[in-house]
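Please view the sequence and the structure together.

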Amino acid sequence: MKPICLLTLLALNASCASVPNASRTPTIMHSGKISNESGPNALTMWYRKPASTWVEALPVGNGRLGAMVFGGVERERIQLNEDSLWSGGPQDADNPEALKHLNEARQLLFDGKYAAAQELVFKTMVCKGEGSNTGGSPNIPFGSYQTLGDLRFAFQHTTGKIESYRRELNLDTAVSRVEYVCDGTRFRREVFASAPGQALVIHLTSDKHGKVSFSVGLDRDPRSSSHRNRNDSTIEPFPSSDEPEQPVKATVADGAVLVMSGRASGGQGEKYEARLLVKNRGGKISGADNTLTVDGADEVTLTFVAATDYRGADPAGLCAERLAAAQKKPVDKLRAAHIADYQRLFRRVDLQLSGSPFTDTPTDERLDRVRQGANDPALAAQYFQFGRYLLISCSRPGGLPANLQGLWCDHFKGPWNCDYHHNINDQMNYWPAEVCNLSECHLPFIEYIDSLREPGRKTARIHYGARGWVVHTISNIWGFTSPGEHPSWGQFSAAGAWLCQHLWEHYAFTGDREYLARAYPIMKESAEFYLDFLVEDKQRGWLLTSPSNSPENKFRTADGQEANVCMGPTMDGEILRDLFGNCIEAGTVLGIDAEFRETLAATRAKLPPLQIGKHGQLQEWLEDFDEVEPGHRHMSHMFALHPGHEITLRGTPKLAQAARVALERRLANGGGHTGWSRAWIINFWARFEEGNKAYDNLQALLAKSTLPNFFDNHPPFQIDGNFGSTAGIAEMLLQSHAGEINLLPALPDAWPDGHVKGLRARGGFEVDIAWKAGKLTEAVIRSDQGGACTVRARTPILVRGGSTTAAAIIVQFNIMDGGVYTIVPSS
């Protein structure tokens, strides 16, 4: 099954690579000096030595092609990905037994027989087949996102002494560079993934003639992959592998091209192809077996392209077309086009946090200092921009959305299959998209959500006898929408409604009515499912989801039962109020579906209310159950605080206090121990306007859950924590969920001076903010749409721009389309 397009987008593609090894480790002499062309350290991650493991390598990507650059000297590995290379394939996992037992399961839940209900759901209502088979083979229908392979280099250096070594990733240009001096010659490697060129480009130079000599190979060898649920692969492959795949090696074609092709799933799945073109200036190129060798060149440009047949095109034809297009352009033009395309997105936002004493220190050493308690505001700003860099690099229009590892995975069986988890993970991936001014990067996720409608209709009908469409906890690129193989985590029935929040948020930030007209039917069809799925609690008159779960968490009843499966968990009600409210507002904007809006409003009024439990906490379940694991990583009942907006500090103060108690209880019992969970906590404290607590949790994330290359550590690597914390930093500086633009709502004491430019607010606003000594000095608000604007600050402010308002904590004014207004303190 191929994705069903919501918008008219590009249909590009890409794919894989690897070869010889061996192993003398050179002596590396490092230098802390910055190369003249390195760019400012504020936006450059840099290191004094090559990566020893995959999570020290540096990522590049163009939305489809991804690569991890290790920076080795005598031996180098560049690990490769293509966004659509998956094992598995379409399957019918919907279970006809589910509907037969639906009413029985619901009655058990109404009767308080939770353990029995969970057992029945497990036996009769989960998906057919193996489901995600997380611990088993990748070659099952659900499949796994997979590595495409590796490029392997062997450089012909004459000495083991390496001086002035520097490895870096410039976030402003999206170019990775390795530079060192060997035997008096300075060598430089640049790697970038070009979206305009749909190619990975590697440029090798030296400062002396005839010194660039190396061999390169391309392969797809399981021995190069990290062990399952670990990120432990290195430049050199392991002696053996437990994965079922057989190695695939490239062959030499036309004297200067390596071609590798094959099929995933043990030769039974997707077709893929990858090609590497080597172009030299000076010296000569020769090829033998699976290796190309360059001797005595002045400089060499390698161009890598890849594709699969996932989108229906012939991968060999796509590779030939892209390689032919790329080789017509000199490397300088390829680089310039890449940087211009990338900076069009990246340079929309600028964040400066002053007061860092470590800007000339390598990134991994700065992280070590944070672990020892140091405050490094500039590192936090760099980490924020790294999150934006990752989203640009792994999520471009026309491609697939970011999965659990974004674009970068060196496994054949990725952790959790590197799939799409809808009980927070892929949603968190896109929290920064709108506020961080990367709205286009949201589109692949929106397209993907639309692609789930067709299979989701079938699942809704077969499992629940309902209209509309539904998806549960997990999906792949093949349209899997059935419940997962165990209901303790796989029976999350509100997933589709949560996904629809992203459809609305894109409109809320952009005000694009044409887009809303296309997105609304997806939201409406999701709402139709829940109208049919909800069941009435006769005693209280509430409408409940059933069966469902509060993602992955287990409760204990008064009579000692322990279960996950339940009815009407708090999160489900919060999400459905959000969906129904957004559908009502969308229909109002579009001027359609008045009767349907009335139905939604009446149904919304009968959803269970938010409740405060015996500890003063926001309840997680319909009844005031205790958690089996009080410090559980999921904090699902807090959805109404973030990313929802049902709970606000000023609008619902009692519920906000109950949410705070729930959060503090989680933290007191060890919550936030995974990277993404800690990232969510940053957002919670930002919504509470507790800047110092948000900062403390950002520091904890950097100290405990951040790998040397800035990747987030679940463990293992999971990219949602990167994106969630990037969104959290934005929430500390700007909020717009409560119907007003809130300036510096959670500014911590540790960031006394700084500025941010280009953040987005709902209503079509772009906002710049500057502050000094912890106080606002100026904000500039630009409008795309015009209309009413409400601005809140922590101290009295004035508005300038066409008219002057009286000083107040909150100011309201009308702004014209294209208008620019300046906010200043009143004194």
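## Basis of the model

The model is predicted; local features need pLDDT of at least 70, side-chain atom pairs count only at pLDDT 80 or more, and totals for chains, interfaces and linings use all residues. Residues are numbered from 1 along each chain as its sequence is written, and side-chain values use heavy atoms, with hydrogens and water left out.

Helices (H or I, at least four residues) and strands (E, at least two) are DSSP runs, numbered from the N terminus.

## The largest pocket

Rolling a probe the size of a water molecule over the atoms shows where empty space is left. On a 1 Å grid over the protein atoms alone, a pocket is an open set of points with protein on both sides within 12 Å along at least five of seven lines, whereas a cavity is a set where a 1.4 Å probe fits but cannot get out; lining residues have an atom within 4 Å of a point. Grid points are joined across faces, edges and corners, and a volume is the space filled by probe spheres set on the points.

The largest pocket has a volume of about 700 Å³. Its lining comprises 32 residues, and those nearest the centre are Trp 504, Ala 508, Glu 585, Gly 739 and Arg 762. Two or more lining residues come from each of helix H13 (495-510), helix H15 (570-590) and strand E34 (787-800). H15 contributes the most, with seven residues. By class, the lining has 10 nonpolar, 13 polar and nine charged residues; here Ala, Val, Leu, Ile, Met, Phe, Trp, Tyr, Cys and Pro count as nonpolar, Asp, Glu, Lys and Arg as charged, and the others, Gly among them, as polar.

The largest cavity has a volume of about 200 Å³. Of its 16 lining residues, Tyr 430, Trp 431, Glu 505, Phe 509 and Arg 762 are the closest to the centre.

The most come from H13, with four residues. The lining of the largest cavity divides into six nonpolar, five polar and five charged residues.

## Packing around helix H18

Axes are lines fitted to C-alpha atoms, for helices over the stretch in contact, and angles run from 0 to 180 degrees between N-to-C directions. Helix H18 (residues 675-687) packs against helix H20 (residues 720-733) at an angle of about 15 degrees, with the axes 8 Å apart. H18 is therefore roughly parallel to H20; angles under 35 degrees count as roughly parallel, over 145 as roughly antiparallel, 65 to 115 as roughly perpendicular and the rest as oblique. Contact means heavy atoms within 4.5 Å, and among the residues that meet are Trp 676, Ala 679 and Ile 682 in H18 and Gly 724, Ala 727 and Met 732 in H20. This contact has six nonpolar, six polar and three charged residues.

H18 also packs with H19, at an angle of about 165 degrees and with axes 8 Å apart. The two helices are therefore roughly antiparallel. Residues in the contact include Ala 679, Ile 682 and Trp 685 of H18 and Leu 698 and Leu 701 of H19. The contact of H18 with H19 divides into nine nonpolar, two polar and two charged residues.

## Backbone geometry

Most residues other than glycine have a negative phi, and most peptide bonds are trans. A cis peptide bond joins His 642 and Pro 643, with omega about 10 degrees; Pro 643 is in the loop between strand E28 (626-627) and helix H17 (653-668). The bond from Pro 715 to Pro 716 is also cis, with omega near -5 degrees, and Pro 716 is placed in the loop between helix H19 (691-704) and H20.

Asp 593, although not a glycine, has a positive phi of about 60 degrees. Asp 593 lies in the loop between H15 and helix H16 (594-605).
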